[in-house]
Amino acid sequence: MTRPLLNRRLAEFGTTIFAEMSALAARTGSINLGQGFPDTDGPEEIREAAVRALRDGRGNQYPPGPGIPELRQAVADHQREWYGLTYDPDAEVLVTAGATEAIAAALLALVEPGDEVIALEPYYDSYAACVAMAGGTRVPVTLRPHEGAYVLDLDELRAAVTDRTRLILLNTPHNPTGTVLTRGELTAVAELAIERDLLVVTDEVYEHLVFDDAEHVPLASLPGMRERTVTIGSAGKTFSFTGWKVGWITASPELVSAVRSAKQFLTYVSAGPFQYAVAEALRLPASYFDTLRAELSAKRDLLSEGLAQAGFEVYRPAGTYFVTTDIRPLGAEDGFAFCRSLPERAGVVAIPNAVFYDHREAGAPFVRFAFCKKTEVLEEAVSRLKQLA
Ligand SMILES: *Cc1c(COP(=O)(O)O)cnc(C)c1O
C-alpha cells in the first residue's frame with residue numbers, strides 16, 4: 001500500500017507534545033510542569049458522592065443521552081447563580097465527555113467543509129485537530145505579548161473575518177497565556193459576531209480559576225449573544241478531577257440540538273456515576289471556589305517569582321493553571337530545544353508554546369509551566385530552576 005494510513009486531514013498533527021514531554025519527565029526523574037493536571041484530587045465529599053452513585057447503581061448503565069437530569073439542572077442553576085444566565089435544563093444544556101468532546105461535537109455539528117473558523121493563537125491543541133476533522137479552515141488571530149501580558153488585537157480579529165467565516169472559537173480564561181479577556185474586549189467580539197452574523201463557541205473551562213481583580217465574563221451574558229453562543233464548561237479543572245471527563249454546553253435549543261446530533265455518534269453518553277457526583281460538586285458553597293482560587297493564586301505567585309529569579313521573563317497570568325515565560329533573557333531562542341534540554345539541565349519539564357501556534361515563529365521563544373501542583377513540588381522546582389540563573 002502506497003497510500004498513507006492516516007488521512008490527510010489529520011496527517012499534520014502527529015502525537016501530542018504532552019506524551020513526549022511526560023515520557024521525558026518519567027525517564028529523567030524530572031518534575032513535570034508540562035501537562036496541566038493537579039497532583040491532588042478534588043474534594044473528598046465529591047469523590048465519596050461518585051462512590052455512592054456507583055454502589056447505589058446510579059449511572060452504571062447508559063445514562064440519558066443529554067445527561068442525567070440532576071446534572072443538567074445543576075449546570076442551569078450554576079449559570080444562573082454565578083452569571084444571571086437562565087437556561088432550560090431540558091432543552092438548553094447538554095452533558096459531554098469533558099470539554100474535549102464538547103469542542104469536537106460543536107465543530108463537527110456547526111462547520112461545513114470550507115468554512116473558516118477563527119481561533120485565538122496560541123490555542124489549546126485540540127482546536128486545530130477538530131477544525132480539521134470538521135473539514136474547516138482555521139484562521140488564527142495571534143495574542144501578542146504587551147507590557148507583561150498577552151493581549152487581543154481587536155483590529156486583527158476584525159480583519160480576519162471574511163464571507164466564509166462561520167464561527168469564532170474563543171477561550172477565556174486563556175490556556176496557555178493566562179489571559180482573561182476583559183468585558184471591553186468581549187463586548188468588541190460580541191459586536192463583531194452580531195455585525196457579521198457569526199456563531200461563537202466559547203471554551204470557559206477555567207471560569208473559576210481567575211485571580212486578583214480579574215473577572216470572568218461569559219460571552220453569552222453580553223447583549224445579543226445568548227442565541228449565537230455555545231458555552232463550554234467542565235468539571236475537570238474546577239473540581240480537580242481531570243480524569244472524570246464530565247463537561248457540558250449551554251446554548252439555545254437550536255444550537256444544543258445541532259451539537260447533540262454530533263455528540264450522540266461520538267460517545268453517545270459517558271461517565272454515568274461521575275455525573276451524579278458533579279451535580280453535587282456544582283452545588284458546593286462559595287467558600288469552596290474562594291479557597292480554590294486563593295490556593296491557586298498563591299501557587300501562581302510562588303512559581304512566577306521563582307521563574308523570574310531564575311532569569312525568565314514572566315507573563316503574569318490572570319487565570320488558569322499556567323504561566324507563560326520568555327526564554328530570551330536566558331540566552332535561548334528555541335522553546336523546543338530549551339524544553340528538550342531542561343530535564344538534563346534543571347530536572348524540570350515544561351511545554352514549548354510553539355506547539356500551540358500555526359505561526360510557529362511567533363511562539364518560538366515562549367515556554368509554558370503549570371502551577372497546579374503541590375506547594376512543596378513547586379518549591380523544589382523553583383530551587384532546581386535557580387541553577388539556570
Ligand atoms: C483542559 C482543557 C480542556 C479539556 O477539558 P476536559 O473537560 O478535560 O475535556 C479544554 N479546553 C481547555 C482550554 C483546556 O485547558
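The largest cavity in this predicted model has a volume of about 40 Å³. A cavity here is a set of points, on a 1 Å grid over the protein atoms alone, where a 1.4 Å probe fits but cannot get out. The volume is the space filled by probe spheres set on those points, which are joined across faces, edges and corners. Rolling a probe the size of a water molecule over the atoms shows where empty space is left. The count comes to 3 cavities of 30 Å³ or more.

Which residues line the largest cavity? They are P64, G65, P66, G67, V95, T96, K263, Y268, V269, S270 and Q275, where a lining residue has an atom within 4 Å of a point. By class, this lining has 5 nonpolar, 5 polar and 1 charged residues. In this scheme Ala, Val, Leu, Ile, Met, Phe, Trp, Tyr, Cys and Pro count as nonpolar, Asp, Glu, Lys and Arg as charged, and the others, Gly among them, as polar.

A word on conventions. Residues are numbered from 1 along each chain as its sequence is written. Because the model is predicted, local features need pLDDT of at least 70 and side-chain atom pairs count only at pLDDT 80 or more, while totals for chains, interfaces and linings use all residues; side-chain values use heavy atoms, with hydrogens and water left out.

I turn now to salt bridges. Side chains of opposite charge can pair when their charged atoms come close. The rule asks for a side-chain nitrogen of Lys or Arg within 4 Å of a carboxyl oxygen of Asp or Glu, and it gives 26 salt bridges.

Consider E195 and R158, whose side chains meet at 3.3 Å, N to O. E195 lies in helix α7 (residues 183-195) and R158 in helix α6 (residues 154-160), so the pair ties together parts that are 37 residues apart in sequence. Helices are DSSP runs (H or I, at least four residues), strands likewise (E, at least two), numbered from the N terminus.

A second pair is D212 and R300, at 3.1 Å, N to O.

Finally, D77, R80, E81 and R283 are linked in a network of salt bridges.

Terms used. 1 Å grid on protein atoms, 1.4 Å probe; cavity = no way out; pocket = protein on both sides within 12 Å on 5 of 7 lines; lining within 4 Å.
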